[in-house]
Amino acid sequence: MTANSPSVFLLMINGQIEGANFPEYDDLYCKYCFVYGHDWAPTSGLEEGISQITSKGRDSPHRLVWNFPLEITFKSTNPLGWPQIVVSVYGPDTFGNDVVRGYGATHIPITPGQHTRTIPMFVPESTSRLQKFTSWLLGRRPEFTDPKVVAQGEGREVTRVSSQGFVTLSFNIVTKDTKRLGYDTTATETTHTHPVAAGFGPGNQTLSM
Amino acid sequence: MASSSDLREKLRKKRRALQHSLQVKDDVDADTQALVPTDRSQSKETAQRDMEELTAGEEEPGDTLRRNLKAQRLRRRRKLEEASVDDKSMVEPFHETVGEVTAVQQISQSDEKPVEPCVVSSPAQSQRGDLPPRPQAKPVPGSSHSESSTMRQRMKDKLKAARSKAESLLQQEASQDGPASRLQSLKDRHTLTRFDRETDADLRGGGDDHPSSLNVKVKFREAVRRVRVDSKSEMGLPTAEEAYNFFTFDFDPEPDEETRKGQKRRTRPEGENEEGEDGGDDDEEKEEEDKEEVTEVDREHQGEDEERDDNAPLMRDEEEELFLIDQSADDFLVFKRAEYMGYQRRLQSENELLFTPSFLTVPASSKVPENMKPRYLEEEGLYVGERPPMSLTNQNILENRILKQEQGRKWFGDDGRIMALPDPIKESSTRPPLFHIEDDLDPALQTVYRKALVSKHASQYISVGGETNGDYQLDVDVSGLIFSHHPLFSQEHVLGSRLVQLYDQHLSRQHRNLTEHLTTKLNGLRNTIGNMLEVHGGQRLTPVMQQRISEYKQEVRNTRRLRDLEQEKDRTLLKGIVKIWKEIKALRDFQRFTNTPYKLYLRREEVERASDVREYEAEIQAEVDELLDEMEEDYQRKVTEYRRQQEEWKVWRRKQRAKNKKKKKTQSQLDDNEDDEDNDDDDRTDGEAEPGPPKPKPPEEPDMEGVEKQVSEKASRIRRKPGEPILVPELTASGPITPNEQCPRGEFARREDVAKRSIFIKVLYNDKEVSRTDNRSLNSDFRVHFGQIFNLKIVNWPESIKLQVFEVLGLSTTLLADVFVPVPESSILTGSAPSEELVFSSNLRVMFDHEAVGSDVPFSFEVDGSNRQTLLTSGKLSCSVSWAVGEDDVPLAPPTTQPKPMYSGLKQLDAIASIGASGLNDMKKLGEWATESRLDPNDPNNADIMQLLKVASSGEVTAPDYFRLEQLQEEFNFVSEEDLEQSRRFRLLRLRNQEVAEFRNYKFVPAMEREVTDKVFEEYERRLKEGEIVDTKGHLDAHRALVAKHLHKIRESIINRFLIAKHHFIMSDLVQEEQVPTIGILGLNLFKLAEPKRPLKPQRKERKKVTAQNLSDGDIRLLLNIIRAYDIPVRKPSVNKPAVTSKSTRSFTETLTAGQSQRATQGSDWLLNQVQVRPFVEVSFQRSVLQTTTADGPNPCWNEDLQLPFSAPNGDYSTANLQSMKDEIFINIFDEVQYELGGDGEDRGKEVHTRLEKHWLGSVKIPFSTIYFQSRIDGTFKVDTPPVLLGYSKERSLASDGGYDAVRSLTEGAFITLFITIEPQLVPGETIREKFESQESEGLLLASEVFERDAAVHFPDRPCLTTVININGKTVFITRYLRPLNPPQELLDAFPNSPQEATDLIARYVSLIPSLPDSVSFAGVCDLWSTCDQFLTLLAGDEEEHAVLLCNYFLSMGKKAWLIIGTAIPEGPTTYVLTYEQNRYLIWNPSSGQYYGQYDTFCPLQTVGCLVSADNVWLNTQAYTSPLRIRFDVTKAKLWKPFFSRAFPNPGLSSVQPEELVYRHTDQAAAAELQDRIEKILKEKIMEWRPRNPTRWNRYCTSTLRHFLPKLELSRGRDVADEHRLELQSLLGDYRISGFPLHLPFSEVRPIVEAVYSTGVHNVEASNVEFALAVHVHAYPNNVLSVWVYLASLIRMR
């Protein structure tokens, strides 16, 4: 655990859910959570959050702004299961029922620095027209059992989704000790080499020690 | 014409329709025939017209309007007709007629209304028909509108007059004439107007058919015709009103318009025939004639048509019209039947008209041209793309439709299919996804798509292998180009360039000087031969020599031929040069200017004549000699050949002659001849035309003189004549060019044009332009010099270097040609690279109006334009491409070791393999695969593979000689396989990925190898080892160990199955969706609105279920509500009481009534001596223990909530993990006993020391999985109490609680009421949706599915089971499990006289088989049913196996037995056994061996879902499910729904059970050994559990207990307490003893230890405590062991 030979690397995420573009909906709020693998653990910061409700402004009729900050630090021993952020957006429908307006997920950028991500959002579709109608009527749209579903690939083939809008996120990534553990995520001047192939395991570092 | 006539026809039809409608309206007498109404309507029309013209007041206003309309319409039509009228010259006759008619008209006006029947129909009709044009007299030239109308009238009148005249004539002829008829005709006159043409035909027809009235008719016709013609001609321009009406009038729709059209079309030929007769008629009339032939249907509408029918109607008409006298204006109304065309007829007529393409496939023969077979291009190996999909029906329809058309066949290809382009639709979308939300921009402005480009060069960088860093440079030197033809060439240029070409050729030939070379060679050969002959002169040559000489000669011959050829070429070249030069000169003379600087000098080289001649002749001579030699040889060879043939021929000849004697004479002559020939070879014989082999011809003798002549001729042709000077052409470009001003205009324009043009060259590298040369203007000599060198620094692999020649004229740039330059070898370096001349050409067609010849344009040099030739732009580009040399003389060429992508076979191989044809690294295999998969070699998609195959077959690419299963794997391997194996970290990662149970949720695999300790794997490795080595020690029994191993294996395989199945998701796993509410739910919701907000008796509401996956430790708690208990054993006073009754012989009835008897006997003085019991409940779960407060009395009421924390193993809260949890909740009831400890003497009275002891009274075990699946457990459970509790008695309170006790005490034992649930509620896992394979018939499976589904729909709370899964994972129908099976004989023999005892014993035997809930072990919820023999072999099973075995035993004992599929507490869904005995139903719990009456309140069975017998399955369809409230009579169809019914009989399913069970005798010695071992282990354990206190064993007590245990076993734990107590009497005096026997089925030691531990006997802290422990193992057949453990703690009182 000395500074010379770290056993974990740290990934610090500062950022915000800047806003969204849902052309048809208004008064939306969003929730976020992180999905990460077994070898990851948040060391500080909030893992989940729920934002304020925002309405569309008069001068930017398409833009919903949350500016909801994200701040979390992960520690990990293994890039497998790199954290993903899952954003789900909710808002009232025409009858005032709170329904889901979109799910989306993206991996946290792996390279340090500032990043902006625009995630397309989608919602699951009803299984039948009748269902669709009743769900519209009753305000109980189909939802994922768990928003984290959108961060996993398994079992998605049984769902049908329709796209809804976009959410923009910005990240400021700081990593610590990734290089020391053999994970070189920064781009070198020769961009055509595969950055990931450099080290999945402990790599040269371990061997050299 | 056609269109106009069509239009006209349409109008006519409209009109007719209108007329019909009028007729219907107006008709007065409906019964008159069709003819009459029409007449009437016609008359109306007349009136109309009158109205229009005269505004006659007598008509009704309504009529007026109608008529107006009609008239207008008529006029309109006429206009149209007018357009088609040819002869307008007939106007004049009309005028005449008008004059005549005037008078008559007045008459008719006055008295026309009293209508008379028409006298003669046809003439009248004809007039009528002719009339219509008349009313529209306007078109008469010069006449105004009014004039025209008067004119029309006049004409009408005239016609009337004429008609009346004719009629009167006819009347005289005809029989029934009268004034009426005349009047009618007059009246009709007007109506006729519209039907002019028809009448004509009628006239014709009638005239032909009735010669009798011919003359009359003819006359009349003539008149009519005149009128008609007039009428036609009078039709003029329409008035504005008419025109307006024409376009705006809303015609009545005509229903059967189409039909009529069709009919017309059909009848046209007839009309045409008639036309022939009536040549004078114009087209319109033809039209009308056609109409005449309309079928009867039409005639019904159109009376006039009918009239026109041949003779028969004539008469009729007359007759009918007789009745038309005295018609009033109203009478003109005509009633008509509604028009109806029979369906069949309509169909028929529609069929004529409509074409319905057939669905049937068109035979191929009709799709291809006659006498041709469909030609399938695929079969011929041509590539045929895939057609877009189209349904066969549609295709057939289309084909049929196309074929119907003219030239339909042109749409079909050679293969008889409709021509179609390949399907253009790409399978994958190529459009990039939308990603722009940089809004506030107009969306239209925002998105700019660029066409997706495959970045071909992405992977073609010359990878940076090291320090050179890809510093490669390619030098492209473009020195210049020369046009060999250019559109701007003048003729002289063309010649000049040709001259230059020839000269170049000459130079190059001269350079090579082949002629000289060959001549020398020839001379050398000749000398050799000469030498050889000389050396061996005269001597006989050896065969070797001869051979060599002949070889030499052959060589000489060849060389000579070659030399001659070359010489000839030289000569022709020279001649050509001279000729073209002459042409140029001629041209220059002709055009009087010079364009080209070429000048040809012929340099003469004088030779010495004499020697030259000598040489020449010597040469000729030598050649001649040689030739002669050769000829001689040839001749000799031929002669031999001839001789041989001659012989053959003669033989044949002789045979012939023998046959043919008549011709003998001639033959003999011939023979003589032949004989002569034989003698003289040189003599020639004539070839006689005889059958048989041809008579061979003797070879010709070589012509020696000819040879010499030939040689000299040839020599003169191809060689310079002797003494002639050698001409050496020299071409110079030094000639003067005529300056521009001296040139004629054409040439000047050309030169101007040339001067305007310039040329530049683009350099393209890998199809990208990298640079271009300067513009260089085109010189008059059409040479462009660039002399530029481009240095290309490259990073991509060079694939192509291309130079594009562009010509610039003004601003426009034309690409002349592409010149591809080969990529240089890396050895070609700048400086050493030769300049290459690359020929290019362009097929651009260019033409000029000046002197230039243009390109691709034929031109001629001759004046007369003959000998035309066409030249294309072409030229030579000289350039060189080479690799640059660096400063330090290092070539800047990329290393050749790197395979170039374009030619790399290896790379492509892997690419192919990666697209799907894996493992095809072997080229042979690839080829096989290509043939197998029928790759179309012509499909452009496969071009790569085909190319590769070709290359491979040519052997240029060697396939790798190794085989890789995953080709790309190697690239992903970051460490070697060995490292991967050795590294603990990687191992850990891999195991976790494989979801090995120990590592499934392992968190934080360390990043460093050194941090992974071997400890992590210890458990896993131990487990692995256990799988192999049977740990006999843990199991105490070899057989058990084997069984355990087997069980473990099954479990593993099943778990693996489920692990796979777990990854199959269904919609509801991922998406929560509201169910569509049914009416029922809606209704309930409505009711809910009316519900009281706080009901008096609230019901438990369903809590929201939580999916397990988003839980973590501490989220889940286990809630227990311990309410109360009954019949807790009470402490016995130490005073002993004698036993009351012995109940050694009991029957079922006795048992059931035992309570009463006991109560009666025992309860007498119990109250007085009662010692308090202070029970409390201790709940332990996952090693956390909670307890309630202590209550008092045997029926305590706690009503306490306990919350136990719950944590899933490994922190994995997934459903599967929770399901597989084996933890149990132990609910133990203890008695809290307080002992006073005597203090020290002096303190006595002041201090009281008490010791609290807890004495175990009983326990309830509930597995967690049950709670998990049930989500809550609510009920009263029987407390598992030991049969004997020392110091306690199970006396029941007799009098205390009155009525309730009476019921309660029916069964023995203590009971506890509990409510257990999990907070929050977890969603239990779904059953595995894996469809298991089955050997059952499909029908049965389907029926069972339907049955189960029905049950689930109608009775959702009733478990219904028809098919189960056997241990091999196959679906088996449930009844197959039931079959009478023999129980162990010794059990039956035990109580030969008492079947009840035997039954009891058997139930006990079954219950002794250890229970292993498979839903726990198999994590997958679905029950696995093993057969009885498997069950007995495994000695472990679920309730089902117990139930099946018990049921089978009962069946074999002759009992009526069923399986009950139902739910019970605490098991949940389970299986019980139902028997019918002594008119009562008994419910057996197979796992405990207990039985209950149907009406037993404490029966754990709560729900009866269905009953299963060996034959059938019955579903409970009664209103209730509780066994208390249902009837078990399965014969009642109302109460039980059978699976197999009359509709679906039992197919006679065979049983899966064995015929007979074979039991092994249990080794009693082994049992004894086991007994000792268990005892030893338990003693050790107890000592271990008491680490701080010494554990003393009371030997005496132990032995007493040991003696007692077998008795317990014999009595199966019943009614021995009293005797036992007596036995212990002696001890009890000294000791306070508390203890109990535990009874367990034996499976392993661990559960026994657990059970002992849970009693807490060891917890006694008293210093003087002693223990007693006895173990008894009783062996039943087949290794079923019953284990008794007696535990007691003794405390010495004094």
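Predicted model: local features only at pLDDT ≥ 70, side-chain atom pairs only at ≥ 80, totals over all residues.
1. Extent of the interface. The contact between the chains involves 50 residues of chain A and 39 residues of chain B. The size of an interface is often given as the accessible area lost when the parts come together. For chain A and chain B this buried area is about 3,800 Å², and carbon and sulfur atoms give 61% of it.

2. Polar links across the interface. One salt bridge is counted between chain A and chain B. Its partners are Asp39(A) and Arg992(B), whose side chains meet with an N to O distance of 2.7 Å. The count of residue pairs in polar contact between chain A and chain B, both at pLDDT 80 or more, is two.

3. Contributing elements of chain A. The element that gives the most is H1(A), with four residues. Sorted by class, the side of chain A that touches chain B holds 18 nonpolar residues, 22 polar residues and ten charged residues.

4. Strand pairing between the chains. Strands of a sheet pair through backbone hydrogen bonds, either parallel or antiparallel.

5. Overall make-up of chain B. Chain B contains 51 helices and 38 strands. It has 1694 residues, of which 48% count as buried. Among contacts in chain B with a separation of 6 or more, 75% are between residues 24 or more positions apart.

6. A four-stranded sheet in chain B. One open sheet of chain B has four strands in the order S35-S37-S38-S36, with mixed pairing. Its edge strands are S35 (1592-1593) and S36 (1631-1641) of chain B, each of which pairs on one side only. The pairing of S36(B) with S38 (residues 1680-1692) of chain B is antiparallel and extends over eleven bridges. Ser1634(B) has Ser1689(B) in S38(B) as its bridge partner.

7. Helix H51 of chain B. In H51 (residues 1645-1655) of chain B, the buried residues are Val1645(B), Ile1648(B), Val1649(B), Ala1651(B), Val1652(B), Ser1654(B) and Thr1655(B). An α-helix has 3.6 residues a turn, so residues three or four places apart point the same way. Just after H51(B) comes Gly1656(B), with a positive phi of about 70 degrees.

8. Positive phi at residues other than glycine. Two such residues deserve a look in the model. Asp27(A) is not a glycine, yet it has a positive phi of about 55 degrees. Asp27(A) lies in the loop between S1 (9-21) and S2 (29-35) of chain A, and it is partly exposed, with a relative accessible area of 31%. Asn1199(B) likewise is not a glycine and has a positive phi, here of about 50 degrees. Asn1199(B) is placed in a strand, S19 (residues 1197-1206) of chain B.

Key
Residues numbered from 1 in each chain as written. Chains lettered and ligands numbered in written order. Heavy atoms only, no water. Contact = heavy atoms within 4.5 Å. Buried area = accessible area lost by both parts, 1.4 Å probe. Salt bridge = Lys/Arg side-chain N within 4 Å of Asp/Glu carboxyl O. Polar contact = N/O pair within 3.5 Å; in protein donor to acceptor, adjacent residues only side chain to side chain. Helix = DSSP H or I, 4+ residues; strand = E, 2+ residues; numbered from the N terminus. Nonpolar A, V, L, I, M, F, W, Y, C, P; charged D, E, K, R; others polar. Buried < 20%, exposed > 50% of the residue type's maximum accessible area, 1.4 Å probe, protein only. Pairing = 2+ DSSP bridges.
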